Amino acid sequence: MATRPFKRQIILTYVVGFFLLISLFVTYLVWAERNYLFNNSNLHASALAQSMAVSSLSWVLANDVAGLEEIVQALKPYPELHYAMVLSEKGRVLAHTDQTKRGQYLTDKDSKTLINSTPQNRILADNRSMIDVAVPILLKNRHVGWARVGLGREQIAEKLNTMVWGSMIFVGAALCFSLLEAFAIGKRLSRRISALAEVTAMIQSGERDVRADVQGTDEITRLAHAFNDMLDTLATSENRFRALFEQAAVGVAQVNANTGRFVRVNQRFCDICGYGLAEMMNKTLHDITHPDDIQASHEHMHVLMEGKAREYSMEKRFSRKDGTIVWVHLTVSAMWSFGETPTHHIAVVQDITPRVQAQEELLRLNLDLEQLVQKESLKNREKDLLLIQQSRLAAMGEMVHNIAHQWRQPLNALSIIIANIKDDYDYGELTAESLQESVNKSRRLLRRMSTTVDEFRDFFRPDKESCDFALDHAVEEAIFIIGDTLVNNGIQLEKKLEAGLVGHGYPNQLAQAILNLLVNSKDAILERKVSSGKIAICLGKSGSQAILTVQDNARGIDEEVLPKIFDPYYTTKEQGSGIGLYMTKMIMERNMKGSIIAVNHGEGTLITLAIPLIVA
Amino acid sequence: MKSLLLMVMIVGLVACEREDAGKAEPSFSHQAPETTKDYVFGIHPLHNPVRLFAIFGPLIDLLNNSIPNVKFRLEASRDYDEFEKKLYGRQFDFALPNPYQTIKAMSHGYHVIAKMGDDHKFKGIILVRRDSGIREISDLKAKKVAFPARTALAATLMPQYYLHTHGLNVNRDIEIKYVGSQESSILNVYLGDAAAAGTWPLPWQSFQQDHPELAQELTVQWQTETLINNSVMARDDVPASIAMGVARILDSLHTTHEGSEILARIQLSRFELADNSRYRVVEKFLAKFSKQVRRLD
């Protein structure tokens, strides 16, 4: 780009501005003078025509061309009069300063337009050479003709020409004066700025230590000082940058965008590639790229050169001078702005060979581990099969144990019945009725035992049908089983059952659950040797639920034990299996959709069952 | 920058120029544009041209509105000489001359188609200033007497005949001053430039209306016998239909409201149809005048 010296610009701006100002001023003066002269000429022409119209009225009415001629000829000496004429309303010349025109008709376009127009003052021509004015001759409203005057403007034009030439000379003189003044101002201003420009040029040519030496107190001196400060700051900044570049922990290189050749590289970059600095200057990015990564590198570079991205990053391999491979993380950034022609890239590389090697090791370890896991998984699967088998056996054993547990009471009862039959027989008190009664009781016990087996089987079979049933009957079933046992052990049973409460679920399971509670109370009373054992069982209604409570006086359960009593296989009895209360809870929650809680209350333990009622 | 400088200079110079410089002056032709036929209606100088147009303009408008395809144009004349020059030069298609001019125009191809009524008003009157002390005709001896024109019948010939036949030789005893128009004649006596002035009732009435304060200074000292009023004549090349049309319109003027208003302006009761024979009385008077007073051209 061509440079324009500051001095020249100052001179040019000053002279052009001055010239424009003076020219506009002079032009305005000429324009104003011209308007004044032209308007004056208009007024004269209009006044002449008006006067002629008034004085010629009578002569026009009389068609007295001689009289009109006198009037018109009287105007002849008027300066610059081109013509004066009186026209009939039809455009016939009644009188004219040029007598040869008298009696003729006007034929030009403007005149014809005038003749056909409404009678009012009209300017037919208003130009540099003349003013042509027509005034209607009127008798009141009767239009009888036109008075028309044409005044020349040659003198005005001559006057204006003189004025224009004078103005141009004046403008020329002013221009010369402004030129001289502009030179003086430009020289004064540009001297110091030139000094600054020289310093700038020297710095540009590489002399970084040179500084501007401008003395004074004006703005240019301040500018020079600021310029020197800026150079100092730039020098400091450049040193920092150089140190940053040279001492960076990563490799940094400036690469020619068009040739791919390295323009500048730091030592770290050389170390990574294994080449010396001079050798690197003769290399390109392509030269040191591993053949397997060239294609990917080209694709990334293409995107960058197209301006679709400002930078790209990739992990690739460089081929070192010694033939070894080094893995690097490379980031290449554009050093040109969007829309500019690509000039240089900045490439930053980081040696990631250790990380890559670690990753490869990790990969190998993962592979080994996977094989190990597969092996262990196979073993676990075999263990699982064994556990499943054991689980099945445990479930079966649990069921047998439960049945045995449930059978223990009926078997005791049967034992007692049989003992009673024997006693009755020994003491001769066996009658057919008592025998029949014992047989009936025995049968009921046996049926109960058989039912227990079915119910335990059903308990473990989820598809057993549920039904609506009277809750008090289930309680009675449980009492039936344990009633004799309680009597034999001197335990008093108090029952208070509200009839008509219907629940939904499994009546036999509920009976078993209640039986478990009664058995536990009985065992606790016997174990703790309570002198007058007592169990109270109540059934009542509370809202939409039936509430069944079992309260004993066996001095309760230890607070530490209380939270665990519903856990499976948890028992405090020597012969206990830890199944009873667990099963009771399961029956209440899973099959009766109810709940069970146990607290120490009064002299013993209070178990409360809540069972949803069926709405009638 | 160079183009800017050039532009400024051009603007400066052009600003001094006129946009339509050098417009041509008007052009002329002897060829008249095609228009409808104009019939020029000349009226002898009963009044000055402006007043004449004010009075007779509506009559011409009426003719233009009543007769299609032709146009009538009123033309005044600055004085009797000019009027007669045009009349005898056959410049008028229609004319309203005084009776004397009527007789003369007959020999120039005009014929009477109508005449103004109110013949009793057609007489000469002689005005004097009230303060002049002139009571008898003999008082005018050796004094100036103003008349409009040599050929004005009612205003000049009839008063001169009257004075001549009443003891004053107008050719010798008085100084006759022809002043060009009726109004000038009246103003001459008012201003004292003449001891008496000949005129006739129509302009005198107009003067009384227009200048009552001046008219008060004057008095009609003598008046002549009456004669026939002014005629309306058509040139012999005017189509008879148009000439008759004009005559009929004039004759019926007093029968319409618009016509009556026109007649009121003229201070006339009516126009009436007439022909050349009606003006033989004028010929007789002129013969008598020529014989007794002075010879007429």
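I'll start with one pair: A:Leu106 stands opposite B:Phe28, which lies in strand 1 of chain B. Strand 3 of chain A and strand 1 of chain B (residues 28–29) run antiparallel and are joined by two bridges; strands count as paired if DSSP finds at least two bridges between them. Helices (H or I, at least four residues) and strands (E, at least two) are DSSP runs, numbered from the N terminus.

This is a predicted model: local features need pLDDT of at least 70 and side-chain atom pairs pLDDT 80 or more, while totals for chains, interfaces and linings use all residues. Residues are numbered from 1 along each chain as its sequence is written, with chains lettered from A and ligands numbered from 1 in the order in which they are written.

Next, the contact. Chain A puts in 35 residues and chain B 31, where contact means C-beta atoms, placed from the backbone, within 7 Å. On the chain A side, the elements giving two or more residues include helix 1 (6–55), strand 3 (105–106) and helix 5 (154–204).

Now the cores. A nonpolar core is a set of buried Ala, Val, Leu, Ile, Met, Phe, Trp, Tyr and Cys residues joined through C-beta atoms within 7 Å; buried means 20 or more other C-beta atoms within 10 Å of a residue's own, again placed from the backbone. In the largest core, of 115 residues, A:Ala49, A:Val86 and B:Ala196 touch the most other members. Helix 5 of chain B (residues 153–165) gives the most to this core, eight residues. A second, separate core has 37 residues, among them A:Leu471 and A:Met592.

Notes
Contact = placed C-beta atoms within 7 Å. Buried ≥ 20, exposed ≤ 12 C-beta atoms within 10 Å, placed from the backbone.
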